[in-house]
Structures are given as structure tokens and as C-alpha cells.
Amino acid sequence: MDRYLSPPPTSSVAVCVWIPLFALRCEEARRPELASQPSALLAPDASRRVVWQVSPLARHAGVRPGMTVSQAIGLCPALRLCEPDPVHYDERFALLLAALARVSPVVEPAELGLAYVGTDGLEGLYGGLEGIVEAIKRGTRKWERGTGERTPHLCSAFPAPRSAFRLGWGQGKFVAWVAATRAKPGCAIIVHPGEEGKFLAAQPVAVLPLDPDAHRRLRQLGLRTLGQLAALPEEAIVSQFGRAGRRWWRLAAGATAEPVVGRVLPEPISVSLTFFTPVADREMLVLALERLIERALRHPRRTGWRVQAVRARAELEHAASWLAAATLKDPSADRDHIAAPLKTRLAQAPPAGAVERLVVEFTAFAPGTAELQLFARDAGAAARAGQRRALRSAVQEITLRLKRPMLHHVIEVQPWSRLPERRYALIDYEP
């Protein structure tokens, strides 16, 4: 757990890896026939059935994200609707991040299908900028083909019909992101140092992290491109839009470069419960969540640490799934505090079917108070004492049954010897 206290690695140079419509791409990999038909994915966490991700063929027919099922079918009667499987998408994205981590130790996930790879110091390993980009391409293509996975059932046996990823390289995450959005599928756009301003000037203001109202106001002011925005005085934009306007201006002018912040890989604590018969009753699911959280809190690795991030995932009937994740504003070791956001999600967006298996995971932790840390040391000492007692009992039972000792200590008797037989010796183990 000490790794949670160390600062995460950073990189000023970034490669953006972007796979548009990531969840829908995952479904197409499992069912290749979807690639040739107008298809859409239903929203996994909506209180009513609405469309979430739409294929290009369906979009050409007029289907848009956020439409109800009846509206979408009315516009495109041949539309293929897919139930969401968020657990599968999350697992596939985790595999993509693992593939990228084999190229660089600095990987920052942004959202499903979007990640940044830090490339500072990798030139010597891959032979320059082009070599780094090619290494990331190879890793992403392997992920698309499903090779080298630890669990084969997580991916399709069918290769993707064509590469869907897009890469962008630049100083800072924003330049890399904009470059990735302009790249063709399977290709990369490289923005060399010193060319950021020229590259950004021609891009539309929509690439900025804007809300709809801010986008509308910028267009009313006649600002269509980042170059037009950067040509105005910075303070004039700040007077109109405040602190957010200052950030937009600096991004548009290439005056700031947000570094890639590598994540510290946690060692999650995971507990699960498989139901004898699928369960759809919400009260039973809430009770199961509470019991699983209690079990996870009793895990030895959790002792002395508070939970900062938790998620629950459920495997449903007919190969569907449900996923709920929460980051606690105040890390806690209290069951009810940890369970509260999961219960809220369960009430607002319950599983679309009966649950066959329920899993609770603690994925990030924060140091406990001084009292908790003292208790952790006491608990560690008690655990070691319990292990010694169990070992002593096992040695006594073996000796009684076999009439002679069968366990030994390995001790070093001649440290200078190169022969293991002379360097080490065995003595009877005495608990």
C-alpha cells in the first residue's frame, strides 16, 4: 500500500490514443455483422430507454444520441439495438491501458476509449519520435486483434474489420487530443515542437472543453477558430468568461501544456457473491452490497487504510451487465458511507435484468488517521502471531503422525562458498 503515497510519474510530451464510439466498437468485435448494419447502443445508466452511441450508418439515417427507442426506430426501421454491457467495455479498456503501459510507464486514462501516453525519455528505447508512435500503433493493433490477453473470454475471436484508433502527438494533452481528432483511422498526426500555434489556429473552437452556452456565446462573438480566439487580448476573454476563459485562451494560443499524469496502479480488493438463482429484488441487492462491503473492509490489506474509490459490477442474465463506480469525496472505512453512492446508483439506474453474480471492488485507498495506522501495526503483529501459532500447531500434528520432524530451517553456514551444498545447511524446525 505504500505506493499510494508516492507521487505519480508525469510527462510533458503526450500521445493521445482515441477510439471513437468505443463501446459500440466492442460490440461490433463480438458481433461482426453489426458493422454492415445501422446499429445503436442503448444508454447503460438512463432512467428511460434512450440511444447512447450510434453507428455511422444509423447516423446517416437521422438517428442521434439521446433519442428514445421509438424515435430512433421511426427514423430507421432496420436499426439494430444493442443492450449495453458496461463491465465488458470496462474490461476491454483495462486491457488497452495494459497494452499501452507496455510501451510507456506513464499512461493516463481520460474516459472510455481515450487515454494519454507520456513519451518523455522513450527516444532511446524506440529510436526517435516515429519509433514511439509505431510502438503504440503495434500495441493498439494487438489489442484490437485480442492477442496476448490473460483472459480470452474478455475479447472476441473475430478481428476488427479495420483499425478504429487515432493517434495524436504533441506538447501537452490538448495538442495531442486535437491532433488525434484530426487523424484518419489507424493513423497518427504529429505536431512538432514550435508548430503548436500554427496547427491550433485553424481548428474550430468546438475542440475546447466548452459547455453549450459558452460555445453559443463564442459563435455570437464571431469566433469560429482557435486562431481568432487567440488573436484577442487574454484579459478581454477573461472579463467575459472568467477563469474558464483564461484557460480557453491559453489552450487556443498554445501557451499552456498540461502534462500527462500517470496513474498509480492500485491493487484492488475484490469480493463477489454468486446467487443460486438470479435476483431482481432491489432490497436483496442492497443487502448483498452491504454484506460484500463488510467482507471487503475485513480484508487484511485494507487494515489501516480508508477507501477512496469503489465500484460494483453485476453479471446479468442473457450476457448483459451493470456497473456502478464512485470516488468518495471523503475517504472512509465506514460501510454505510461507502455504500451510499452505490445505493443511489442502484435506485436511479437499476440493472436491466436479474443479477446472477455481484462483485464489489475497492480500487483506490487513502492513508488512515494516526489511530488507524497504529491499529494497522497492531493488527499486523497480531496476524503474524496467529500465523506462528498455526504453524506451530501444524508442525506438532505432522510430528505426531509421522513420528519424526519433516520441516527444516535453511541456514547459511559457509557464506564464502560457491557450492550451494556447502553454503547452506538444513536444521530441524523448532516452533
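**View 1. Around helix H9, Gly222 takes a positive phi.** Just after H9, the phi of Gly222 is about 85 degrees. At the other end, where H9 (residues 212–220) starts, a side-chain oxygen of Asp211 comes to within 3.1 Å of the backbone nitrogen of Asp213. Helices here are DSSP runs of H or I with at least four residues, strands are runs of E with at least two, and both are numbered from the N terminus. A note for all the views: this is a predicted model, in which local features need pLDDT of at least 70 and side-chain atom pairs count only at pLDDT 80 or more, while totals for chains, interfaces and linings use all residues. Residues are numbered from 1 along each chain as its sequence is written, and side-chain values use heavy atoms, with hydrogens and water left out.

**View 2. Strand S2 pairs with S8 and with S7.** Have a look at S2 (residues 13–18), where six of six residues are buried (under 20% relative accessible area with a 1.4 Å probe and protein chains only; exposed is over 50%, partly exposed in between). Val13, Val15 and Val17 are buried on one side, and Ala14, Cys16 and Trp18 are buried on the other. Strands count as paired if DSSP finds at least two bridges between them. S2 runs antiparallel to S8 (residues 166–171), joined by six bridges, and Ala14 stands opposite Gly170 there.

View 3. Glu108 counts as buried because its relative accessible area is 16%.

**View 4. Cys26 and Cys76 are both buried.** Relative accessibility is 4% for Cys26, so this residue counts as buried. Cys76 is buried too, at 6%. Across the whole structure, the search finds zero disulfides, meaning pairs of cysteine sulfur atoms within 2.5 Å.

**View 5. Pro86 in helix H4 and Ala320 are 8.3 Å apart, C-alpha to C-alpha.** In sequence, Pro86 and Ala320 are 234 residues apart. Pro86 belongs to H4 (residues 86–101) and is buried, with a relative accessible area of 13%.

**View 6. The second largest pocket has a volume of about 360 Å³.** Of its 28 lining residues, those closest to the centre are Arg49, Glu83, Pro84, Ala320 and Ala352. Strand S13 (321–332) and helix H1 (22–30) each supply at least two lining residues, and S13 gives the largest share, three residues. The lining divides into 15 nonpolar, four polar and nine charged residues.

**View 7. The second largest cavity is lined by eight nonpolar residues.** Its volume is about 30 Å³. The lining consists of Leu285, Leu289, Ala314, Trp322, Leu346, Pro351, Val355 and Leu358. Helix H12 (282–297) and strand S14 (355–367) are the elements that give two or more residues to this lining.

On a 1 Å grid over the protein atoms alone, a cavity is a set of points where a 1.4 Å probe fits but cannot get out; a pocket is an open set with protein on both sides within 12 Å along at least five of seven lines, and lining residues have an atom within 4 Å of a point. Points are joined across faces, edges and corners, and a volume is the space filled by probe spheres set on them. Ala, Val, Leu, Ile, Met, Phe, Trp, Tyr, Cys and Pro count as nonpolar, Asp, Glu, Lys and Arg as charged, and the others, Gly among them, as polar.

Conventions. A polar contact is a pair of N or O atoms within 3.5 Å; within protein, one must be able to donate a hydrogen and the other to accept it, and residues adjacent in sequence count only if both atoms are side-chain atoms.
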